[in-house]
Amino acid sequence: MKKFWKTTLAVAMTACMAMSLAACGGSASSSSTSSDAPAAEAESGAAEGGAIKIGGSGPLTGPAAVYGNAVKIAAEMAVEEVNAKGGVQFSLQFEDDKHDAEEAATAYGTLKDGGMQISLGAVTSAPGAAVSPLYQEDQTFAITPSGSSPSVIYADGEGMTGAYGNVFQMCFSDPNQGSGSATYIAAHPDLGSKIAVIYKNDDPYSKGIFDTFKAQAATEGLEIVYEGTFKGEESDFNVQLGDAQAAGADLLFLPIYYTPASQILTQADKMGYKPTVFGVDGMDGILGVEGFDTALAEGVYLLTPFVANAEDELTKTFVENYKARANGEVPNQFAADAYDCIYALAQACEAAGITSDMSNADICAAMVEQFTTMTFNGLTGSDMTWNENGEVTKAPKAMIIENGEYVPAAE
Amino acid sequence: MKEKKSIFGILMDNRHRSRTISYTMVAVAYIVLEILLKTGNLSSLFTGLLVPATCYLVAAIGLNLNVGVSGELNLGQAGFMAVGAFSGVCVSGLLKASVPAIPRLILAIIVGMLLTAFVGFLIGIPVLKLQGDYLAIVTLAFGQIVMNLIMNLYVAFDSTGLKVAFVENNFELQPGGKYLINGPMGATGTERIANFTAGTILVVFALIVVYNLIYSRNGRAIMAARDNRIAAESIGINIAKTKMMAFVVSAALAGAAGALYGLNYSTMVASKFDYNTSILILVYVVLGGLGNINGTLISTVVLFLLPQLLRGLQDYRMLIYAVILIVIMLVTNNEFLRTKASAFRRKKKA
C-alpha cells in the first residue's frame with residue numbers, strides 16, 4: 001500500500017511540474033485554431049466569418065524552432081494587419097512539424113482537416129519537399145516563406161525539372177544564392193582572389209549553396225584553393241582554418257548558419273588569420289550571438305534579402321511591431337519572408353477577387369495566374385516577380401558589417 | 001483423459017491465445033479503418049498516419065523479438081530501418097520505368113529486408129558470441145555510423161547506368177538522369193507507392209514470423225538462452241546461433257518497415273533515422289511490455305498517435321507527451337496496481 005501512495009505522489013508531482021512549466025510559458029497564441037476532426041471546421045468557419053483560411057507548418061519545437069516561430073509570429077502579425085485594413089480577410093492555422101518530413105505530412109493532414117484554402121507551405125526545406133507533392137495532388141496553392149531548396153518547387157530538385165506549378169517561393173532558392181555570391185565576388189576582385197570555402201556537408205542548405213557557388217566560380221574563373229567541411233554540431237574549426245591559411249586563401253566563403261560562423265570567426269582571430277569573410281543569408285543573426293565579440297564580424301560581407309536595421313518606413317514599423325510581439329527579439333529574414341508572403345497573398349486575393357466559398361482548385365488556378373503576372377513590393381525586395389515554376393526574382397543585397405551594423409556594400 | 005476442445009477453445013488456449021488476439025486486433029482495425037477510408041469518413045490527418053503507423057508496428061514487433069524474447073538490448077533499430085528505407089527507395093527508383101507500382105513495392109520491401117538481414121548477420125557474428133551488453137553498444141554505434149554513411153552517399157542513374165560515389169559526387173549526369181540518394185539531401189523525388197493495405201499485410205507477415213518463431217523449438221531455445229545461459233548451454237543449445245536468429249529476424253523486419261516507410265514519402269533524409277528514432281521504437285516495446293506482442297501493438301499505436309492527438313494543446317503537446325510517458329512508466333511498474341490487475345484477471349477466469 002505504501003508503494004501505491006508513493007506512485008500516486010510521483011504522478012501528482014509530474015502533473016504539477018507540467019502545470020507549472022505550462023504556466024511559465026505565458027499566454028498561448030490565439031489566432032491559430034487547431035482541430036483533429038473535420039467537425040471543427042464548421043465551427044471555426046462560422047466564427048471567422050468569410051475569412052480565407054491560410055495554413056502553414058514549421059518547426060515550433062526542436063532545434064530549428066527559431067525559424068518556425070519567427071515565421072509564425074510574423075505571419076500572425078501580417079494576418080492581423082491585413083484583416084484590420086478591412087479588405088480581404090484571412091485566418092491562420094499554423095502547425096508544428098519539428099523540421100521533419102513525417103511530421104510535416106501529418107501537419108498537412110491536420111491543416112487539410114482544418115479547411116485550409118491557401119498555404120504557406122513548410123518553413124524549412126526538407127519538410128517542404130515532402131509536402132509539395134501533396135499540395136499538387138490536392139491543388140492547393142502554396143507559397144513557402146523560406147523553403148529555399150529547389151526540391152520544394154520541383155519534383156526533380158537536382159535537375160530542376162518537373163515544377164509542381166502551384167508551389168511558390170518567397171525566398172531566394174539556394175542555387176541563386178550560390179551563383180549570386182560567386183558573381184558578386186568575381187565583380188569585386190578587391191575582396192580577394194584565392195577562395196577558401198568551409199561548408200556543412202550534412203546540411204542540404206549549405207551543400208546546395210556550395211555546389212552552385214563552385215559551378216558559378218568555375219565559369220567566372222574564380223580560384224577555389226581550399227574546400228573544408230564539417231557536420232553536426234561541431235565547434236572546433238582549427239583544422240579547416242589552418243588548412244585554408246596554409247593554402248594561402250585571402251577570401252573565406254561561409255555558406256553556413258551564423259552559429260558555426262561565429263565560432264569560425266573567433267577561432268580564425270585567435271590564429272591570427274584575417275581573410276575577408278563572405279556569407280549568405282544564414283549569416284544574418286551573427287551580431288546577436290551570445291558571447292560573441294561582434295568586433296570580429298567587422299568587415300564581414302553577406303548576401304541577404306532583408307536587414308532589420310534598414311531605414312525605410314516599412315522595415316522600421318515591421319521591426320518595431322515584431323519586437324513588441326516577440327519579447328524584444330529582432331526579426332530575422334524568415335520572419336520578413338513570412339510577412340511578405342501574407343501581404344503578397346492579400347494582394348493576389350484582392351486582385352483576383354478570391355472569396356472564402358471558392359474551392360481550393362479554383363483559388364489555386366486564380367492565384368497561380370496572379371502570382372505569375374503581378375509585381376510585389378515588400379520587406380525583402382521591391383519589384384518581385386515570379387516565373388511559372390514558382391521561383392522568385394528579386395535583387396539580392398550585398399551587405400557589409402561596419403561598426404556593428406549592416407551597411408549596403410558596393411554594388 | 002483428453003477432452004476435445006471446440007475451435008474457440010483451441011484459439012484461446014495458452015499456446016494460441018496471444019496470437020488470436022493479435023490477429024483479431026489487426027483485422028478489426030484494418031476493416032474499420034478501410035471502411036472509414038472508403039466512405040471518406042477518415043480525416044486527412046489519420047489517413048496520413050496509417051502507413052507510418054504500420055511501419056513503426058513492424059519495426060516494434062521485430063524489436064520486441066530481439067529485446068523482449070531474446071533479451072538482448074538493441075539501440076539501433078532505426079539504423080536497420082535506414083538500410084531498408086534507402087535500399088528500398090533505390091530499388092523502386094531504378095525499376096520505376098519497367099515495373100508497375102505494386103510488384104515494385106513488394107520487390108523493394110523484399111530487397112530492403114534481405115539486405116538489412118545480411119547487415120544484421122554481419123554485425124551479429126562477433127557480437128552475439130559475447131556475454132553482456134555488447135549488442136547494445138554495437139547497435140548504438142551502428143545506428144550512428146549508418147546514418148553518417150548514407151549522408152555521404154550519392155547514388156544516381158542515367159542512360160549510361162548506375163553511378164555510386166562517396167563523400168564527393170564527382171559524376172556528371174546525362175540528361176534525364178536522376179539522383180536516388182543525394183548525400184545530405186537524402187532521397188528526393190521518390191514516387192509514393194506505399195499504401196495502408198500493404199502496410200497491414202506487412203504487419204500480419206511480421207506477426208506470423210514472430211509468433212511462429214516464438215512457439216517453435218528454436219523459440220524455446222531463444223527464451224532458454226535468455227533466462228539462463230549456462231543451463232541452456234548445458235543442454236546443448238548453441239547460444240550464439242539462437243540469439244543470432246532473433247537478432248537477424250528483428251533486423252529484417254526493421255528493414256521491411258524502413259522500405260515501406262521510405263516509399264511513403266517523397267523526401268527522406270538519413271538524419272530521420274537517428275538515435276532518437278531507435279529509442280522511440282524501444283519505448284514502444286518497453287512500455288508495451290517486453291516479450292508481449294499484443295502489448296507492443298497497443299502501445300505503438302497509442303504512443304504514435306498521442307503526439308498528433310495532442311496537437312490541440314499547441315505549444316504544450318510535447319511537454320504533455322513526456323508527462324504521459326512518465327505516468328505510464330510509474331503506473332505500469334506499480335506493484336500494488338499490478339497485483340490488483342492480476343487478481344482481477346484471475347477472478348474473471350474463475
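Predicted model: local features only at pLDDT ≥ 70, side-chain atom pairs only at ≥ 80, totals over all residues.
Buried residues account for 52% of the 411 residues in chain A.

The secondary structure of chain A comprises 12 helices and 17 strands. The chain is divided into two domains. Domain 1 is made up of two segments, 39–172 and 313–393. Domain 2 covers 175–304. The centres of domain 1 and domain 2 of chain A, taken over C-alpha atoms, are separated by 30 Å. Where they touch, domain 1 of chain A gives 9 residues and domain 2 of chain A gives 11. The side belonging to domain 1 of chain A holds 4 nonpolar and 5 polar residues. No charged residue occurs on that side.

Chain A also meets chain B. Here 46 residues of chain A are in contact with 40 residues of chain B. On the chain B side, the elements that give two or more residues are α3 (44–69), β3 (178–182), α12 (293–309), α13 (317–332) and α14 (335–349). The largest share comes from α13(B), with 8 residues. By class, the side of chain B that touches chain A has 21 nonpolar and 14 polar residues. A further 5 are charged.

Methods. Residues numbered from 1 in each chain as written. Chains lettered and ligands numbered in written order. Domains from an automatic or database assignment. Contact = placed C-beta atoms within 7 Å. Nonpolar A, V, L, I, M, F, W, Y, C, P; charged D, E, K, R; others polar. Helix = DSSP H or I, 4+ residues; strand = E, 2+ residues; numbered from the N terminus. Buried ≥ 20, exposed ≤ 12 C-beta atoms within 10 Å, placed from the backbone.
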